[in-house]
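Please read each point with the sequence and the structure in view.

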Amino acid sequence: ARFGNDTTVIGVWDGLRCRLYQYKGKSVVEVAEIIKQYQSENNVPTSQIVVDEDGVGGGVKDILRCKGFVNNFSFVIDDQTIRIVIS
């Protein structure tokens with residue numbers, strides 16, 4: 001959420017566990033940089049990063065050049081792919 005009261009939530013998966021990190025008041029560029037840091041620390045390929053691109057998240061997706069999804073959609077992650085499906 002760009003500079004607002006909403007919270008940006010970043011989840012980092014390790015096997016079946018997901019560690020969540022929350023940030024308030026960050027710009028699109030700041031959020032992208034935070035994600036890049038987690039990506040580097042955890043050796044995550046860009047192909048395994050998914051961003052809610054509805055609203056300002058679209059800017060984060062554009063900066064990272066990763067996959068995105070829009071609200072009312074869901075995504076399925078398996079060993080080979082990330083598939084976006086309409087729910």
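1. Terms of exposure. A residue is called buried under 20% relative accessible area, exposed over 50%, and partly exposed in between. By that scale Glu33, at 44% relative accessibility, counts as partly exposed. The model under discussion is a predicted one.

2. Overall architecture. The protein contains 2 helices and 6 strands. Read from the N terminus, the order of these elements is β-β-α-β-α-β-β-β. Of the 87 residues in the protein, 24% are buried. The accessible surface amounts to about 6,300 Å², and carbon and sulfur atoms account for 48% of that surface. When contacts between residues at least 6 apart in sequence are considered, 27% join residues at least 24 apart.

3. Strands β1 and β2 run antiparallel and are joined by 8 bridges. Within this pairing, Val12 stands opposite Arg19 of β2, and Asp14 has Arg17 of β2 as its bridge partner. The hairpin leaves 2 residues between the strands, and Gly15 there adopts a positive phi near 65°. How many of the 8 residues of strand β2 (residues 17–24) are buried? The number is 0, so β2 lies largely in the open.

4. The largest nonpolar core. This core has 13 residues, and the members that touch the most others are Ile10, Ile35, Ile49, Val51, Val60 and Leu64. At least two residues of the core come from each of β1 (7–14), α1 and α2. Which element gives the most to this core? Helix α1 does, with 6 residues.

5. The surroundings of Ile49. Leaving aside residues up to four places away in sequence, Ile49 touches Ile35, Gln39, Val44, Leu64, Cys66 and Lys67. Cys66, another contact of Ile49, is buried at 9% relative accessibility.

6. Salt bridges. The count of salt bridges comes to 2. In one of them, the side chains of Glu33 and Lys36 meet with an N to O distance of 3.5 Å. Lys36 is partly exposed at 34% relative accessibility, and Glu33 is partly exposed at 44%. In the other salt bridge, the side chains of Glu53 and Lys61 meet at 4.0 Å, N to O. Glu53 is partly exposed as well, with a relative accessible area of 27%.

7. Positive phi outside glycine. Asn43 is not a glycine, yet its phi is positive, near 50°. Asn43 is placed in the loop between α1 (28–42) and β3 (50–52). Is Asn43 buried or exposed? Asn43 is exposed, with a relative accessible area of 70%. Arg65 likewise has a positive phi, about 60°, although it is not a glycine. The position of Arg65 is in the loop between α2 (57–64) and β4 (67–69). With a relative accessible area of 72%, Arg65 is exposed.

8. Cysteines and disulfides. A disulfide is a covalent bond between the sulfur atoms of two cysteines. How many disulfides does the structure hold? The structure holds 0 disulfides. Cys18 is partly exposed, with a relative accessible area of 33%, whereas Cys66 is buried at 9%.

Terms used:
Residues are numbered from 1 along each chain as its sequence is written. This is a predicted model: local features need pLDDT of at least 70, side-chain atom pairs count only at pLDDT 80 or more; totals for chains, interfaces and linings use all residues. Side-chain values use heavy atoms; hydrogens and water are left out. Helices (H or I, at least four residues) and strands (E, at least two) are DSSP runs, numbered from the N terminus. Buried means under 20% relative accessible area, exposed over 50%, partly exposed in between (1.4 Å probe, protein chains only). Contact means heavy atoms within 4.5 Å. Accessible areas come from the Shrake-Rupley method with a 1.4 Å probe; for residues, only the protein chains shown count as cover. A nonpolar core is a set of buried Ala, Val, Leu, Ile, Met, Phe, Trp, Tyr and Cys residues joined through side-chain atoms within 4.5 Å. Two strands pair if DSSP finds at least two bridges between them. A disulfide is a pair of cysteine sulfur atoms within 2.5 Å.
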